[in-house]
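Biologist: I am new to this structure and would like a close look at a single part of it. Please take me through that part step by step.

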Amino acid sequence: MEEFLSLTLGGVVNGSVYAAFALALVLIWRSTRIVNFAQGSMAAATTFIAVAVIDSGQSYWVGLIVALLAGLVMGALIERVIIRPVEGGPELNAVIVTLGLFIAIQGAVALFAGVNQRAFVPPFSNIGYEVREGFTLLSLSPNTIWTVAAVVVTMLLLIALFRFTRLGLAMRASAFGQEVARLLGVRVGRMLTLGWALAAAVGALAGLLIAGDVSFISPTFMDQLIVFGFVAAVLGGLDSPIGAVVGGLLLGLALNYVRGYLDDSLLGMASLVILVIVLLVRPGGLFSTTPARRA
Amino acid sequence: MSDLQTPAGAPGAASDDAPSTATAAANASSAGAGGRSFLPKSTLLRHLLVLALCAVLAVLLLEGTERSTNDQISRIAFYAIAAGGLTLLTGLNGQISLGHGALMAVGAYTTALMLDVDGDPLPLAVIFLVAVAVTAVVGAIVGVAAARLHGPYLAGATLALAVGVPGLTLYFSDTLGGEQGINVRAPRAPDWFVEGIEALSGERGQGTKWLAYIAVACLLISYFLLANLMRSRIGRTWRAVRDQEVAAELAGISLGSWRVLAFVVSAAAAGLAGGVLAIVVRLTAPGSFLPVLSLSLLTAIVIGGLGSLFGALLGSVLLVLLPEWARDFGLEVLDMESAQASQAAFVIYGLLLVATMLFAPAGLVGTVRLALLRRRAARAMSRAGGG
Amino acid sequence: MTRTSRRLVSVLAAATIATTMAACGGDDDSGGGGGGGGGTAEDNEATDPGMTEDSVLIGAHYPLTGPAAPGYSEIPTGVQAYFDFVNANGGVYDRQIEWRYLDDGYNPTNTGQVVNQLVLEDEVFAMMGGLGTATHNAALDLLNSEGVPDLFVASGSSLWDNPEDNPYTFGWQPDYESEGKIIGQYIAENLPDAKVGLFLQDDDFGEDGERGIRQYIDDQIVAAESYTSGNTDLGAQITALQQAGADFVVGFNTPIYTALSQLTALRLNYQPEWFYSNVGSDPQLVGSLLERFSSGAVTGTSLLEGVYTTDYLPTVDEVDNPWVQLFQRVWDESGQEGELTNFRIYGMSQAYTMVQALQAAGRNPTRDDLVAALEQAGGDFEGPALAPFRYSEDRHAGIGGMGVSRIGADGSAEELTGILITDVGDAEIEEYDGEESTPPESGIPDEEAIG
């Protein structure tokens with residue numbers, strides 16, 4: 001029972017980390033129908049920028065803000081300069097462009113920051129609370145609460161943005177139908193750039209949360225997250241922020257049970273099984289807004 | 001692909017049409033080539049002729065180059081075989097797969113296990129056939145699930161496959177050798193080969209060369225089969241399933257089973273590629289089949305030109321040679337340390353991928369073909385105008 | 001066309017070989033069979049590929065990129081520093097040692113490719129220190145069928161000690177099984193009441209270590225948990241060790257997993273005693289990783305204080321050790337970026353053994369001469385390693401023993417045992433009675449040529 005409890009809590013924490021990453025993917029998918037494989041190394045880059053800021057004597061929070069801003073700028077730049085020409089082109093070309101970016105950015109981070117691991121101290125203590133004598137819940141610590149809370153708040157903010165603001169409405173309109181949006185006076189190009197900028201900022205947040213969770217970072221520290229974050233986003237339906245979070249939590253829980261009761265090496269297989277089961281029932285993901293495919 | 005009911009936005013719609021535009025050039029130009037008078041009319045005969053020509057070229061290439069190049073050619077061959085299968089699946093049938101590396105692993109491990117027996121193993125051709133069959137069966141299972149999925153959903157599922165399979169080799173480490181993998185006893189060159197090569201070039205044919213011949217033979221045979229398949233009624237049906245889903249269904253074509261069939265054929269190619277990899281690398285280990293392998297294959301077919309076998313071959317050549325060139329560029333031109341040069345190579349390689357997509361979006365083969373088509377059209381126009 | 005030109009090439013090649021052989025014969029007569037011990041630079045001749053009159057080319061493969069690059073990518077810089085040092089002092093038999101190492105990203109398919117390039121294109125004389133079990137495994141067949149000396153593979157797998165099938169391959173560091181045995185015996189003798197938990201990397205490293213340790217304390221082991229390299233969440237594994245009541249955890253893991261397991265245990269308020277095998281116990285590296293946590297949210301001074309480990313090389317914290325002093329000097333003189341680290345000491349120690357082997361092989365050695373030199377003289381090489389190599393005609397296993405020590409508050413190690421010598425299988429563990437070696441004045445070995 002105790003083991004189950006700690007595995008469940010651990011699953012929630014890991015799941016919210018996957019969710020943070022999935023949120024960024026969802027934002028980009030919503031705006032440009034592109035799966036951004038470069039998300040992981042973009043987030044690694046912003047994390048290393050934050051580390052440089054923190055190393056220079058600033059607090060974690062200054063580092064966080066700088067990372068978010070760096071994310072915004074990087075996302076906007078990449079969309080305008082590199083993604084814009086392939087938008088609306090063959091789907092696979094965009095995939096290859098983001099793969100190329102992934103490789104190039106990761107190489108650049110390694111070139112500047114070196115390949116060695118370095119410690120990343122989270123903003124709050126990550127020592128688990130002792131529930132009773134001799135039993136500490138690893139995944140219930142000030143830092144894990146911050147991690148989960150940050151993800152939930154980000155999700156709520158995004159939902160609020162899309163539901164209740166004119167800007168969000170314009171972004172949704174551009175994602176939904178460019179022609180119609182244009183006719184209605186929405187500056188579609190700007191909305192797409194904004195979508196990428198926002199996504200990269202959320203990705204930057206995810207990077208810092210993940211760094212705090214794994215404790216040690218290197219240029220490749222996000223690699224595994226790309227796969228699990230992507231699977232989480234697909235589970236949720238790729239279109240919906242709630243879906244991303246639910247997908248992330250579902251995946252996090254399932255993988256943690258596999259880790260606890262079976263073996264580490266089965267994580268990849270387990271994510272495949274979960275994904276196939278969910279997609280066979282709902283081919284568009286759990287929270288898809290699009291009708292399911294005909295069989 | 002009307003079924004992918006994305007919010008009817010332009011990006012969604014455009015990306016659906018895209019594969020057809022990208023491959024249109026390929027389809028159109030070979031159709032045009034078929035009309036030329038000096039080539040036989042029959043597709044099969046034409047392909048046989050090309051096959052014979054390529055075989056001669058391959059022998060010249062293998063005999064005219066150093067052993068290190070022979071080895072590179074073997075490596076290009078196994079990437080190209082897998083890429084050929086993938087380009088059929090993705091280019092012709094419109095299904096994306098980020099998991100073909102995992103299918104290669106199935107073929108490689110089957111080959112390794114069958115070679116790793118006490119006493120004499122079965123003939124290599126038999127082993128490869130078994131590897132192809134086993135991978136095809138796995139492909140059928142994956143394909144049944146994949147046939148119901150589209151776009152990013154299929155991408156996600158196949159990527160999970162790419163991550164999952166290497167993990168299985170760790171979990172079943174007793175049979176599959178775990179992290180350190182299974183050593184593969186590369187088949188020794190038979191006497192007739194050694195003597196044959198000696199008569200041909202005055203040099204003794206050694207292990208590396210024998211493996212290169214096997215790899216190239218597998219490449220030629222698989223491309224011959226794939227090319228015929230792509231030009232046959234089956235290939236046309238696949239294209240119909242990709243481009244004209246509703247019409248195809250109305251014409252009584254069962255979309256699902258045709259998609260599964262495409263996956264099976266493509267998996268079979270990946271299985272053969274895995275078998276060749278096993279004997280060329282002489283080891284099957286999970287580290288060889290990480291997701292990056294699957295992504296590289298996809299890169300190769302898109303850079304080369306989607307839907308074209310020649311494009312897949314070209315992409316595979318770049319896949320093997322580009323990282324080396326980029327590293328040597330860093331080492332010798334930029335005068336970097338080895339570690340730095342290796343990082344810089346990734347930056348260069350990544351940027352080259354991006355640049356290719358920006359400036360040659362139809363891939364290398366597609367771009368050249370489009371340019372040729374345009375020139376021919378312009379000439380025809382001017383001729384029409386002049387006459 | 002191709003045929004004739006090829007023929008021509010092979011005729012030319014045959015002619016070259018003939019002249020070289022004639023020259024060799026002449027030299028042997030004049031040299032009186034004295035090998036390469038005497039003579040001057042004028043007596044130098046090109047022999048096998050990679051060995052020219054004034055240089056010898058040595059190659060290697062390392063993970064310089066990707067997840068395995070941290071730490072390991074420092075090893076070749078250490079090698080470079082020591083070879084530079086030797087070259088600046090005249091090289092070996094007036095030959096400069098050229099060092100060419102390439103990135104394989106820890107992917108066996110790539111390893112095959114870069115080793116092919118090194119052997120067939122760059123034509124290295126020998127390979128040295130190729131890193132990784134799976135990766136090097138992919139190069140084994142090629143190197144042995146080509147007859148390229150494949151020295152000092154940087155992995156403690158026992159695969160490298162197989163002279164019958166792989167006559168050109170030599171191990172260097174102690175194998176994981178022997179290490180497991182030494183750890184097991186120490187626990188059985190000194191901590192018979194400990195409830196032992198094992199923390200293992202799920203590959204040959206963890207498996208060999210477990211096999212060794214179970215020979216001695218099978219009944220004391222209460223749990224064995226493994227992790228897959230790349231997964232950073234150790235919550236399930238460390239919780240399981242805690243639940244099983246293990247109060248003494250032995251880890252066969254890499255340094256980053258030492259840091260991760262320490263942090264995870266801390267977060268769980270789990271305080272067993274720890275014993276990390278040599279690979280994972282780099283106090284300097286792990287200390288620097290954990291340092292930030294001790295000043296940050298996590299309290300406590302040196303997290304590694306009191307941790308048991310094993311040694312077979314001097315470590316960078318032993319500032320009084322003459323070997324460390326030598327290596328510090330060499331590193332400073334090389335002018336490369338970064339500090340001297342244990343990874344770099346490892347690289348320099350391998351380079352030192354390489355120089356010994358080249359010296360023992362004589363002035364104009366062939367590849368086979370190099371192998372013969374290691375088989376005949378390698379067992380007597382004295383160097384930074386605490387225990388002798390097991391090299392002989394029937395054995396290609398490296399360093400045969402290690403000592404158990406405990407890390408103090410300042411990161412230095414306190415010796416708990418002498419140097420213990422053992423071997424794979426049921427070989428006994430014995431105390432090594434040889435003297436501790438000191439480096440030669442010049443910092444460069446001076447082995448006599450064999451034969």
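Are helix 5 of chain A and helix 10 of chain A roughly parallel or roughly antiparallel to each other?

Modeller: Please keep in mind that this is a predicted model. Helix 5 of chain A, which covers residues 142-164, packs with helix 10 of chain A, residues 241-261, at an angle of about 160°, and their axes lie 9 Å apart. Angles over 145 degrees count as roughly antiparallel, and helix 5 of chain A and helix 10 of chain A are therefore roughly antiparallel to each other. On the side of helix 5 of chain A, the contact is made by A:V151, A:M155, A:L158 and A:I159, while helix 10 of chain A brings A:P241, A:I242 and A:V245 to it. Sorted by class, this contact between helix 5 of chain A and helix 10 of chain A holds seven nonpolar residues, with no polar and no charged ones.

For context, chain C may be set beside this part. Chain C has an open sheet of five strands in the order 2-1-3-4-5, with parallel pairing, and its edge strands, strand 2 and strand 5 (169-171) of chain C, each pair on one side only. Within that chain, strand 1 (residues 55-62) and strand 3 (residues 126-128) of chain C run parallel and are joined by two bridges, and C:G59 stands opposite C:M127 in strand 3 of chain C. The contact between chain C and chain B takes 34 residues from chain C and 33 residues from chain B, and helix 3 of chain C gives the most to the side of chain C that touches chain B, with eight residues.

Terms used: Residues are numbered from 1 along each chain as its sequence is written. Chains are lettered from A and ligands numbered from 1 in the order in which they are written. This is a predicted model: local features need pLDDT of at least 70, side-chain atom pairs count only at pLDDT 80 or more; totals for chains, interfaces and linings use all residues. Two residues are in contact if their C-beta atoms, placed from the backbone, lie within 7 Å. Helices (H or I, at least four residues) and strands (E, at least two) are DSSP runs, numbered from the N terminus. Two strands pair if DSSP finds at least two bridges between them. Axes are lines fitted to C-alpha atoms, for helices over the stretch in contact, and angles run from 0 to 180 degrees between N-to-C directions. Angles under 35 degrees count as roughly parallel, over 145 as roughly antiparallel, 65 to 115 as roughly perpendicular and the rest as oblique. Ala, Val, Leu, Ile, Met, Phe, Trp, Tyr, Cys and Pro count as nonpolar, Asp, Glu, Lys and Arg as charged, and the others, Gly among them, as polar.
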